[in-house]
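Please keep the sequence and the 3D view side by side while reading.

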Amino acid sequence: MKELLQRYIEGNVSEEERLSVAAWIEESPENMREYLALRKLYDISLWNTDAPGEKILKERRISFRRVGIEALKIAAIFLIGLFVSKRLMIQKPEEAHMQTIHVPTGQRAELTLSDGTHVWLNSRSTLRFPDKFSENGRNVELDGEGYFSVRHDKGLPFTVQTERYAIHVLGTEFNVKAYQGSPLFEAALLKGSIEISSPDLSANLRLKPNEVVTDDGKEVSKSGISNYNYFKWKEGLFCFEDESIQSLIEKLQLYYDITIDVQRTSLLQYRYSGKFRIKDGIDHVLKVLQLKHEFTYTKDEETNRIVIK
């Protein structure tokens with residue numbers, strides 16, 4: 001069992017093995033303790049130097065399965081890694097080291113940066129950040145979707161750099177969606193003030209609370225936030241309010257890193273409101289939709305493709 005449990009932690013198991021291990025963990029407190037002990041040892045081993053002055057959390061080694069309890073936060077893993085990182089930097093405490101954290105498909109992460117800024121990361125998101133900020137500013141890089149609650153520091157601006165845009169703030173709460181390779185960019189401001197810059201913009205865009213700016217690859221627009229439940233993704237929920245099936249399918253493809261071929265195109269015209277738990281997976285979402293709309297689907301694990309008929 002120990003060998004299987006180790007492969008489960010590394011993410012190298014089949015779906016059948018994953019379900020078997022998850023059931024075993026929940027059988028007893030002793031099983032849970034054994035899992036947590038192995039998990040802790042593995043998490044510490046993740047933090048190693050790949051290049052001079054840079055420590056990277058390898059995507060191929062991380063799974064962050066949520067089995068049984070929600071308390072297994074990636075924030076805890078980050079803190080362990082930060083402790084190990086500081087031990088390694090005793091000789092050169094003045095140097096900052098870059099960290100990279102990646103969230104696998106269907107998962108989410110929560111962490112606190114060295115300045116006290118709180119960050120939530122959505123599925124398939126990557127955040128690159130220093131273990132301590134310089135005197136010139138607080139700069140991080142995001143590929144994916146993140147919700148930021150930035151600690152206010154007037155003398156030290158905070159910048160989130162994405163593939164096409166940079167978001168500049170002093171202290172605020174905002175959500176950014178900017179997956180590399182996707183034409184969609186979206187920034188929504190809940191509190192405070194942010195300014196968005198890009199070489200493609202003739203002038204910077206400043207947002208007020210409850211505003212969202214969207215670039216769909218064709219045009220840039222600004223509007224009011226229409227669905228605040230959407231931001232509950234950081235609590236593990238997908239929330240949709242009068243949203244087209246087309247839009248829902250696009251988000252499922254993005255978050256679960258899967259191709260969905262909708263051959264029954266009439267399905268795309270319908271609209272849907274509802275909530276799904278992220279950890280329940282894409283099959284659960286499709287089965288709920290089947291209760292309202294007649295369709296069938298097949299899933300090919302080898303090609304990572306779903307066909308809806």
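In this predicted model, the second largest cavity holds about 30 Å³ of space. Its lining consists of Tyr230, Trp233, Leu237, Phe238, Cys239, Phe240 and Tyr255. By class, that makes 7 nonpolar residues, with no polar and no charged ones. Strand E16 provides the largest share of this lining, 4 residues.

A search of the whole structure gives 2 cavities of 30 Å³ or more. The largest cavity has about 50 Å³ of space. Thr162, Glu163, Arg164, Ala178, Tyr179, Ser182, Leu184 and Phe185 form the lining of the largest cavity.

From the cavities we turn to a pocket. The second largest pocket contains about 810 Å³ of space. It is lined by 25 residues, and those closest to its centre are Lys177, Glu186, Glu243, Ser247 and Lys251. The lining of this pocket divides into 10 nonpolar, 8 polar and 7 charged residues. Several elements each supply at least two residues to it: strands E11 (185–191), E14 (211–215), E15 (220–224) and E16 (237–244), together with helix H5 (245–256). The largest share, 5 residues, is from H5.

Which residues does Ile260 contact, leaving aside its neighbours within four places in sequence? They are Ile249, Leu252, Gln253, Ile282, Ile306 and Ile308.

Asp257 is not a glycine, yet its phi is positive, about 50°. With a relative accessible area of 36%, Asp257 is partly exposed. Leaving aside neighbours within four places in sequence, Asp257 is in contact with Thr105, Arg124, Leu252 and Asn304.

One of those partners, Arg124, deserves a look of its own. Arg124 and Asp257 are 133 residues apart in sequence, but their C-alpha atoms are 7.6 Å apart in space. Arg124 is in the loop between strand E5 (118–121) and strand E6 (126–130). Arg124 likewise has a positive phi, near 60°, and is a residue other than glycine. Its relative accessible area is 25%, and Arg124 is therefore partly exposed, as Asp257 is.

The last stop is helix H2 (residues 15–25), in which Val21, Ala22, Trp24 and Ile25 are buried. Why do the buried residues of H2 line one face of the helix? Seen down the axis of H2, they fall within an arc of 160°, so they share one face. The general rule is that an α-helix has 3.6 residues a turn, so residues three or four places apart point the same way.

How values were computed
Residues numbered from 1 in each chain as written. Predicted model: local features only at pLDDT ≥ 70, side-chain atom pairs only at ≥ 80, totals over all residues. Heavy atoms only, no water. 1 Å grid on protein atoms, 1.4 Å probe; cavity = no way out; pocket = protein on both sides within 12 Å on 5 of 7 lines; lining within 4 Å. Points joined across faces, edges and corners; volume = space filled by probe spheres on them. Nonpolar A, V, L, I, M, F, W, Y, C, P; charged D, E, K, R; others polar. Buried < 20%, exposed > 50% of the residue type's maximum accessible area, 1.4 Å probe, protein only. Arc of directions from axis to C-beta. Contact = heavy atoms within 4.5 Å.
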